[in-house]
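This report describes one protein model for a reader who is new to structural terms. Please consult the sequence and the structure shown here while reading.

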Amino acid sequence: MESRLSQFGVLNQKDKATAYQSLLSETLASQDQSNLPTEIHTLVDNVVNQESVGLVISRGILSELVRALSEGKVPDTQRRKRIVEDTLEIVQPRLVSYEEQVNSLRFQLADILEEEESWSDAARVLTGISLDSGQRSLPDEEKLRVYVRIVRLLLEDEDSIEAERYYNRAALLAHSTTDRETLLQFKLCQARISDYSRKFLEAASRYHELSWVAEIDEGERNHMLSAAMTCAILAPAGPNRSRVLAALCRDERTSELPSFNILLKMFHDRILRPSEIQEFEGTLKPHQLAKIAISSNDRLASAVAEDDHAGDAAVSTRKGPATVLDRAVMEHNLLASSKIYNNITFRGLGALLDLTPGAAETMARRMIEQGRLKGAIDQVEKLISFDVLGEDDDAQGKAGGLGDVEQVEEDTGAPFTKRWDMQIRLTAANVETIVQHLTQKGLVSFGAVQT
């Protein structure tokens, strides 16, 4: 190889181009490719770094090498990978002169690394591609495909922080394409970014929307539906979550998935016990089990409120939720308790949530401040009073769409009897509705009253 290359120095530029082209073709066509990476390395180094070789010739040879590699003339993946890596290393100091060839080589190397499931390495190779400068600027649609692919690869290795950077770039170009596949990949990245960022309500809505797309494989759609259920369960308790839970409960497909029982209990505002969530916890991803640090303000507020219970062995010592799942379950149980009790003491709520009374008060205070829980806190009496006819009930009922009974509020003059009266009114109205349906279908009949 080196002896033949040394003979090319005395040739004119036209003959030199033909000689290099012939040598490259012979090398790639060789039956024995065991030394092919070394020979290609020597050839590329000579073409790129020899001053006597013009830029037009070197670009032509590199373009031919890129084409041969893409056409599979080097069938062995590891040899092809080594050739691409060596070529990129040689060309790197003169990158500006060979941007188009380098970009093509990077795409090929990313494909190889992705097949090897080296997700982060493949993403790093793609980030080195020049998209906005050089001899040929890529169109916005192609840039979007590259950014979406980088985001997808980074999320495979759960590098959500770096993935979000490239997702933000892709979001600026999402309008530039009408390609259905690219848009679906972008929306999936959008849902996964929300999931990793712990924006579970947004993630649940996006996953659920994608689970209806017919172009996606049925197995993938079921996976997205399951992800939507998981995110809805982990979402902050409140009216917004109730709407998402209602949409999922109305979806007939969810009843066949393992998380349906917990989903249904949450929708019906039933208190969850630790034994009920152990199996669900095993299905969560690491970022959904992330540890939660208790803020210094919450720690101080809890400590001040715990003075009266110091030394009481019956009181829990937990000062707050330990994981994302813990927080979701505790907030749900707190919201569910507001549907059962008119009021509850700090100590009683702490026993229900397995928290210190001060930590239970802190959680209730935060939910009230954020509008996710209707109620008032009496710190003198150490009592939390729930607003039983607040907007939260209205949002939950309307979201479910499971009843057609019109709720009419009546001022009885006694606040603590309103809930009881409303329950009687709703029960009677529901019974009347059931009887009407049965009568219309001829399942029951009422004879004349005899006197």
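## Nonpolar cores

The largest nonpolar core has 57 residues, and those with the most contacts inside it are I40 and V151. A nonpolar core is a set of buried Ala, Val, Leu, Ile, Met, Phe, Trp, Tyr and Cys residues joined through side-chain atoms within 4.5 Å. Helix 8 (residues 140-156) gives this core its largest share, nine residues. Apart from this core lies another, of 40 residues, among them L225, A235, L248 and F260.

The model is predicted: local features need pLDDT of at least 70, side-chain atom pairs count only at pLDDT 80 or more, and totals for chains, interfaces and linings use all residues. Residues are numbered from 1 along each chain as its sequence is written, and side-chain values use heavy atoms, with hydrogens and water left out.

## Helix 13

Helices (H or I, at least four residues) and strands (E, at least two) are DSSP runs, numbered from the N terminus. Helix 13 (residues 239-250) has 12 residues and reaches 17 Å from its first C-alpha to its last, close to the expected 16 Å; the expected span is 1.5 Å times one less than the number of residues. Among the residues of helix 13 that are buried are V244, L245 and L248. Buried means under 20% relative accessible area, exposed over 50%, and partly exposed in between (1.4 Å probe, protein chains only).

Three strands form an open sheet in the order 1-3-2, with antiparallel pairing; two strands pair if DSSP finds at least two bridges between them. Strand 1 (343-345) and strand 2 (375-378) stand at the edges with a single partner strand each, so one side of each has no neighbour in the sheet.

Strand 2 and strand 3 (residues 383-386) pair in the antiparallel sense over four bridges. The bridge partner of D378 is L383, in strand 3.

## Salt bridges

A search of the whole structure finds 20 salt bridges, each a side-chain nitrogen of Lys or Arg within 4 Å of a carboxyl oxygen of Asp or Glu. One of them joins R149 and D111, whose closest N and O atoms are 2.5 Å apart. This pair links distant parts of the chain, with R149 in helix 8 and D111 in helix 6 (residues 99-115), 38 residues apart. R149 counts as buried because its relative accessibility is 15%, whereas D111, at 37%, counts as partly exposed.

R124 also forms a salt bridge, with D121, the closest N and O atoms being 3.0 Å apart. These two residues, R124 and D121, are three residues apart in helix 7 (residues 119-127) and therefore separated by about one helical turn.
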